[in-house]
Amino acid sequence: MKKTKLIIEHSYDFDLLGIISTIRFYKAAWSINNCLNIRFIKDEDLTLEIKDARPSIFGSYIFETEYCCIQLYKNKSIDGENAYLIPEMQHYDYILKTSQESQSFAGEEIMKALKEVPWIQYIAAIEVNKLKSKDNLLT
């Protein structure tokens, strides 16, 4: 029997920032709220099958308006598994995802503002197209 493959091209129309910080996840969301004058709300945890077909759970916060969507993810799984949302970027504690249609929050402006937060040790832009695991961020 002949098999047919379905090939789907995804659109990666978002920017990513990697954040290194030793503070807890809820405090990271709170400090970003204060810095950017937004209001993150706790979103449903992201569940992915990454290693050995076992589901891994990643924490998530979201701020969404009509024109803007910003999501904060915990890079390391919260269920005790040693799995990462972006395995090739294990050194980042948190991943900030911003939609590109958002003109009020440009990636460079966000990065500049977040560099002033005392609990954030390091923040950098991540090139989405160079990531092998970029499909993990499609929600």
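Predicted model: local features only at pLDDT ≥ 70, side-chain atom pairs only at ≥ 80, totals over all residues.

User: Leaving aside its neighbours within four places in sequence, which residues is Ser77 in contact with?

Analyst: A contact here means heavy atoms within 4.5 Å. Beyond those sequence neighbours, Ser77 is in contact with Ser56, Ile57, Phe58, Asn82 and Ala83. Ser77 itself is found in the loop that runs between strand 6 (69–74) and strand 7 (94–99).

User: Is Ser77 buried or exposed?

Analyst: The cut-off for buried is under 20% relative accessible area. Ser77 counts as buried because its relative accessibility is 6%. Its side chain also makes a polar contact with the side chain of Asp79, at 3.1 Å.

User: Which residues have the most contacts inside the largest nonpolar core?

Analyst: A core is built from buried residues joined through side-chain atoms. In this case the largest one has 23 residues, and Ile19, Ile32, Phe40, Leu72, Leu96 and Leu114 have the most contacts inside it. Strand 1 (14–21) and helix 2 (107–114) are among the elements that each supply at least two residues of this core, while helix 1 gives the largest share, five residues. Apart from this core lies another, of 16 residues, including Leu48, Tyr73, Ile86 and Leu131.

User: And Lys132: where does it lie?

Analyst: Lys132 lies in the segment after strand 8. With 79% relative accessibility, Lys132 counts as exposed. For distances, compare sequence with space: Lys132 and Pro87 are 45 residues apart in sequence and 8.8 Å apart, C-alpha to C-alpha.

Conventions:
Residues numbered from 1 in each chain as written. Heavy atoms only, no water. Helix = DSSP H or I, 4+ residues; strand = E, 2+ residues; numbered from the N terminus. Buried < 20%, exposed > 50% of the residue type's maximum accessible area, 1.4 Å probe, protein only. Polar contact = N/O pair within 3.5 Å; in protein donor to acceptor, adjacent residues only side chain to side chain. Core = buried A, V, L, I, M, F, W, Y, C linked by side-chain atoms within 4.5 Å.
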